[in-house]
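Subject: Structure handover

Hello,

Here is the structure we talked about. Please open it alongside this note and follow the points in order.

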There are 2 protein chains.
Amino acid sequence: MPKISIIGSGNVATHLAKALKSKGIEIVEIWSRDGNKAEVLAHQAGAERAEFIRTMKSVDLMIIAIADDAISAASHFLEEDQLAVHTSGSVSLEALGPGRRGVFYPLQTFSKDKEVDFSHVPICLEARFKDDEVILKEVADILSDGAQMVNSDQRKYIHLAAVFACNFTNQMFSIAEDILKGQGLKLDLLLPLIEETTEKIKTISPRQAQTGPARRGDMHVLNSHLDLLNDNPDLRSLYGDLSERILKNNDNL
Amino acid sequence: MPKISIIGSGNVATHLAKALKSKGIEIVEIWSRDGNKAEVLAHQAGAERAEFIRTMKSVDLMIIAIADDAISAASHFLEEDQLAVHTSGSVSLEALGPGRRGVFYPLQTFSKDKEVDFSHVPICLEARFKDDEVILKEVADILSDGAQMVNSDQRKYIHLAAVFACNFTNQMFSIAEDILKGQGLKLDLLLPLIEETTEKIKTISPRQAQTGPARRGDMHVLNSHLDLLNDNPDLRSLYGDLSERILKNNDNL
């Protein structure tokens, strides 16, 4: 089994450490800017807490799971012959500087208090050297059946698509919750609908799955919804823009 | 068991007819503007095809599941003492005219080729008379454990919230699919992420569940995503607006 150390103690670092440990992979050291958090995570992962990045022991794979803008600096503290990867959707491989560097980007949303099952998480892998690709693939395959090689350019677009499919989708849920709250109702009411919306696109494309007043071209309902949003100009304009998109797509069906 | 007839042969009518029949409820007649579709659905539901609305037999409940703008006219063909409901999120009870009228709004998205399990679908009920509320509740309870009384005003906002949570969410999936297609990639890649996004809000609120570059206030990633969308001004502006909303919410956390 490969030996791994982790730089970082945030959501991604924590979920990865737990998942790797649960698969029997040895986590050697954990370093974090926040010494206390490193201590806690090291304890959970059965690892040592590292005092400095530059003195971390040599391992099969060093995972840098920290804020995007700190990745480059952390990487430069590591030897060029230490295989090191970052876990970000939006940072290029080049940002890691020279040497045995790569990317290990789990395409998933991680929240502090929500366990994540890695077994089907797509892990987007990239490495500068072919030999290192093999190592990354080996580690990723232990965690998930969704590991695949993806270049930096594709990864940028995957990350962009993920923002729409996950972050902006969640924002839609948040807006729906606010609207219901105004009526003394809870988001629970919409959970079966939300579940079905997600379920559908497993078997038919989102374009085919599109329903609702804009899809039907029902201007009467669209206008009455815009009226309901008169007190909230931002939301009204968002409703208008999204309906416009759907109306336009109707023309191309 | 109550006897039911259905006016309509579209998605809602079809899914309701199948669900009612599967629960052992007798569907007496089906009427549709499109005689052939009425014939097909009547056959599936073990019902008769009705030639005219005004000569349909008296039943315990008449369900009008047709386009919003045709509901009022259909209702006026029915006797005032025939309990009749529409299934729309956005049409008022009053639009049905005088007499024993009500609303039976299943809060779900129905597509032609996708079976729907009604057992947890919230069914929003409203009736002009207390006695009829009892009948609607009885029928709805046979189909689902999610039936509840909801007034016309609440229903309008529920429908609006549903447009955000379902129709606009699906539009986000559609956009994500387009972005991935441009890279020769498939939406499948995002399905685990989408599933987790939906799964999360069962246990934490969307506000807590929000992740992504806008949530982190990561202007570097936001700007690089906007750059990727330079060729698509509409999408660029949508990305900007949604990120803006999330950034604003950050201030209130």
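Both faces of β6(B) are covered. On one side sit R101(B), V103(B) and Y105(B), and on the other G102(B), F104(B) and P106(B), all of them buried. That is 6 of the 6 residues in β6(B), so the strand is largely enclosed by the rest of the structure. Keep in mind that this is a predicted model.

β6(B) has strand partners to look at. Strand β5 of chain B, residues 84-86, pairs with β6(B) in the parallel sense over 3 bridges. Within that pairing, V85(B) has G102(B) as its bridge partner in β6(B). β7(B) runs antiparallel to β6(B), and 5 bridges join the two. There, P106(B) stands opposite I123(B) in β7(B).

R101(B) is found in strand β6 of chain B, residues 101-106. Is R101(B) buried or exposed? R101(B) has 25 other C-beta atoms within 10 Å. The cut-off for a buried residue is 20 or more, so R101(B) counts as buried. Which residues does R101(B) contact, leaving aside its neighbours within four places in sequence? They are S75(B), A84(B), L93(B), L96(B) and R128(B). E80(B) is 21 residues away from R101(B) along the chain, and their C-alpha atoms are separated by 7.9 Å.

Now the sheet around it. In chain B, 8 strands form an open sheet with mixed pairing. The order is β3-β2-β1-β4-β5-β6-β7-β8. β3 (48-49) and β8 of chain B stand at the edges. Each has a single partner strand, so one side of each is left without a neighbour in the sheet.

Elsewhere in that sheet, strand β1 (residues 3-7) and strand β2 (residues 26-31) of chain B run parallel, joined by 4 bridges. I7(B) stands opposite W31(B) in β2(B). Helix α2 of chain B, residues 35-45, lies across β2 and β3 of chain B. The helix runs at about 175° to β2(B).

Next, chain A. Chain A has 10 helices and 8 strands. Its C-alpha atoms fill a box of roughly 65 × 40 × 30 Å, taken along the principal axes. Of the 253 residues in chain A, 50% are buried. Among contacts in chain A with a separation of 6 or more, 49% come from residues 24 or more positions apart.

Strand β5 of chain A (residues 84-86) pairs with β6(A) in the parallel sense, over 3 bridges. A84(A) stands opposite R101(A) in β6(A). Strand β7 of chain A (residues 122-127) runs antiparallel to β6(A), with 5 bridges between them. Y105(A) has C124(A) as its bridge partner in β7(A).

Then the interface. How many residues of chain A are in contact with chain B? The count is 78 residues of chain A against 78 residues of chain B. On the chain A side, α3 (68-76), α5, α6, α7, α8 (213-216), α9 (219-228) and α10 (233-251) each supply at least two residues. α5(A) gives the most, with 24 residues. By class, this side of chain A has 39 nonpolar, 24 polar and 15 charged residues.

Finally, one helix from that list. Why is helix α6 of chain A described as largely enclosed by the rest of the structure? Because 7 of its 10 residues (the helix spans 191-200) are buried. Those buried residues are P192(A), L193(A), I194(A), E196(A), T197(A), T198(A) and K200(A). In chain A, they pack against α5 (152-181) and α7 (206-209). In chain B, they pack against β7 (122-127), β8 (146-149), α5 (152-181) and α6 (191-200).

Best wishes

Definitions and conventions:
Residues are numbered from 1 along each chain as its sequence is written. Chains are lettered from A and ligands numbered from 1 in the order in which they are written. This is a predicted model: local features need pLDDT of at least 70, side-chain atom pairs count only at pLDDT 80 or more; totals for chains, interfaces and linings use all residues. A residue is buried if 20 or more other C-beta atoms lie within 10 Å of its own, exposed if 12 or fewer, and partly exposed in between; C-beta atoms are placed from the backbone. Two residues are in contact if their C-beta atoms, placed from the backbone, lie within 7 Å. Ala, Val, Leu, Ile, Met, Phe, Trp, Tyr, Cys and Pro count as nonpolar, Asp, Glu, Lys and Arg as charged, and the others, Gly among them, as polar. Two strands pair if DSSP finds at least two bridges between them. Axes are lines fitted to C-alpha atoms, for helices over the stretch in contact, and angles run from 0 to 180 degrees between N-to-C directions.
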